[in-house]
Amino acid sequence: MERFVENLPPMDLMRSEKMTFVQLIMPVESAHRAISYLGELGLLQFRDLNDDKSPFQRTFVNQVKRCGEMSRKLRFLKDQINKAGVLSPIRPVLEPDFELEELEIRLAEHEHELIEMNSNSEKLRQTYNELLEFKMVLQKASAFLVSSNNHMVADETELDENVYSSNGFIEMASLLEQEMRPGPSNQSGLRFISGIICNSKVLRFERMLFRATRGNMLFNQSPADEEIMDPVSTEMVEKIVFVVFFSGEQARTKILKICEAFGANCYPVPEDVTKQRQITREVLSRLSDLEATLDAGIRHRNNALSSIGVHLPKWMNLVRKEKAIYDTLNTLNFDVTKKCLVGEGWCPIFAKAQIQEALRRATFDSNSQVGVIFHEMDAIESPPTFFRTNCFTNAYQEIVDAYGVARYQEANPAVYTVITFPFLFAVMFGDWGHGICLLLGALILIARESKLRTQKLGSFMEMLFGGRYIILLMAFFSIYCGLIYNEFFSVPFHIFGGSAYKCRDASCSDAKSAGLVKYRDPYPFGVDPSWRGSRSELPFLNSLKMKMSILLGVTHMNLGIILSYFNARFFGSSLDIRYQFVPQMIFLNSLFGYLSLLIVIKWCTGSQADLYHIMIYMFLSPTDDLGENELFWGQRPLQILLLLLALVAVPWMLFPKPFILKKLHLERFQGRTYGMLGTSEMDLDVEPDSARQHHEEFNFSEVFVHQMIHSIEFVLGAVSNTASYLRLWALSLAHSELSTVFYEKVLLLAWGYDNIVIRLVGLGVFTFATAFILLMMESLSAFLHALRLHWVEFQGKFYQADGYKFKPFSFALITEDED
């Protein structure tokens, strides 16, 4: 057996890549280029040798600050391009490579130029807005004055008769009349102020004016003909033109202060019609000139932004890389005396040749006299975990890593999750109609893979796209399980031939249960269609799916325990094999392996034995006669033997391992608990694996308690985990019944009416229920339950998940968020 296991070929995903701890000694002149080439390669994880220093105490802090400032300028340029709506080219124009210093100068020039253009444009826009407001005030206010003048001439006699009336409005009209009349009647002091204000403030503005003047004013308003652009926010604002008639210098001062407080712009409007026309012509002329100037400025600004946008992606990428390089250089130790940088890190063994080649190229390209020294070192800490995945296996590896990263060289559950995860999902989601819908969705995502990969997707769409191959396998297995359950949107079909049952005579042609007799071999694949709608359909499917769930659960848990054997064998831990793997296999299979055997025998023989009775009385009275529940000869003594083995397995797991560990520890360090007289503190630092350190770390009570917790957890978990797999039965039944309800109570019910509208409504409701309840909510529920079965019931048997991920320095892993 051991020879057979040793001869098995290694699996890429079964164990993480072998790692080695390396040290790099780089001359200062070639360090930047060496780090750059290693970033392109992306196979070396650097270790921070300056943990004790703050970011401002590191060697290359000034360069990092410069890169941060350039990132800010690039973000400013990008915001300006987006705000202006300038389209970036699909393929950026190629330009010769340039240094970071040159880019820094160019970015400063572009930023200064854009700030100056924005400032000038804002001033011009403000002037243009003022002239535009002045034009609208002239048009509206002159209309107010003309209408008031006409009203005065038409009603002159009436106004003279009522000049002393108590009506405030009539008194105002009389004052206006005197103001409009030529000669000495203008001496009454009636004046007006015209201006423009935002529409949202006009009601409060009018109320404040009324209160401040105690009602001694006349407020006229009219909406402006066009909206005005705010130069700061570039939003279009709706304005209202107003004219306030009042009397007295004190009222004028109050009104002007209120206008200033509300942000209303006041403009002088002459009463003379000739002057109004002359000013209007001047304003229109200046508006025309300013409009041409603004258009030219916008064109010039857009041209400048367009030329920047051509190179912006390359500049952002360059600054991002440079910042990452200097951040990495800050993790290295700077040796001032030798003028070199010392770095340490982890790399996969297969990547050593590639790293050395990159370092040689860096030395040659930087014209350095001294090459980069690359050598391996021994490390105390555990290496990081690195699995080489592709677009297919990456999603399954992410599911496993979400629970915890594998310990270095530990058996990887993702190898088996690739098949078991979509299969257990399909057991709960089995319907080949729904499976085809999932398959179409997965194929669309895969067909548009190259296009979707370059787009920025939403969180939900990104999750679907990342799991497209998981959805693909879930769809295939759902179709397979749906064919076994013989359900197509809950409707059975005679795909693999006719039913094994038929009516006894012509009188039972419409019968569903009574009168049906079996007349030939069973249905060749899956559930016979005749079970659908029969009186015994639910008991039959309940029994089938419940027993199937137990079989799948026991097999899945056994796979997890077997993987713990391969882990123990790989790490050379014979104690784990003898006192953990063996008793766990005995305990689980003595109880639930035996239950699985009874299920298979009952299916094969067609026995009517009660499995609940057998399992309960196996514990309560193992020596009693089984009677009609006996499935095979020798069943009772076998049950007694299995029960004794299960009882023995519990102390077998609990006691031997802690005591053997204690004995081995004492034998290993006996006579070496005291160091030699010459041993100094420096020697202990050099040899961290010294005997004294390990002796102090060993704690028997801690080891025993840990083993006791582990044993109790396994014993109780064997029962609870087996029961947990019954969720396969529960969710499968729930999915089937929901699908049946929507088909029979919605679609068939609507189709029973001879009305096209009712049929279309029924079809719409059925489609909505299928898409959103069965395909989305039910699939999400089955996904989460399958996830739980893998994380707890399967991985809990062998997966330590206390490792840490390999995070190499790689330009490909740098995102835009790190700018």
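These questions and answers walk through a predicted model, its pockets, helices and charged pairs. Residues are numbered from 1 along each chain as its sequence is written, and side-chain values use heavy atoms, without hydrogens and water. Because the model is predicted, local features need pLDDT of at least 70 and side-chain atom pairs count only at pLDDT 80 or more, while totals for chains, interfaces and linings use all residues.

Me: Which element gives the largest share of the lining of the largest pocket?
Reply: A pocket is an open set of points on a 1 Å grid over the protein atoms alone, reached by a 1.4 Å probe, with protein on both sides within 12 Å along at least five of seven lines, and lining residues have an atom within 4 Å of a point. The largest pocket holds about 1500 Å³ of space, a volume being the space filled by probe spheres set on points joined across faces, edges and corners. Its lining has 41 residues, with Asp576, Gln580, Lys657, His706 and Gln800 nearest the centre, and the elements giving two or more residues include α18 (574–605) and α21 (656–669). The largest share, 11 residues, comes from α24.

Me: What is the volume of the largest cavity?
Reply: A cavity is a set of grid points where the 1.4 Å probe fits but cannot get out, and the structure holds three of 30 Å³ or more. Among the residues that line the largest cavity are Tyr485, Trp531 and Arg532. The volume of this largest cavity is about 60 Å³.

Me: Where does helix α26 bend?
Reply: Helices are DSSP runs of H or I with at least four residues, numbered from the N terminus, and α26 covers residues 756–794. Asn755 caps its N-terminal end, with a side-chain oxygen 2.9 Å from the backbone nitrogen of Val757. The bend, taken as the angle between axes fitted to the seven residues ending at a residue and the seven starting there, is about 30° and falls at Thr770.

Me: How far apart are the end C-alpha atoms of residues 756–777?
Reply: UniProt, in an unreviewed entry, lists residues 756–777 among those under "transmembrane region", and such annotations may be inferred rather than shown by experiment. Over this span the chain is 100% helix and 0% strand, and the end C-alpha atoms are apart by 30 Å.

Me: Which residue forms a salt bridge with Glu17?
Reply: A salt bridge is a side-chain nitrogen of Lys or Arg within 4 Å of a carboxyl oxygen of Asp or Glu, and the count comes to 23. The partner of Glu17 meets it at 3.0 Å, N to O. The pair links distant parts of the chain, 371 residues apart, and the partner, in the loop between β11 (373–377) and α11 (394–403), is Arg388.

Definitions and conventions: A polar contact is a pair of N or O atoms within 3.5 Å; within protein, one must be able to donate a hydrogen and the other to accept it, and residues adjacent in sequence count only if both atoms are side-chain atoms.
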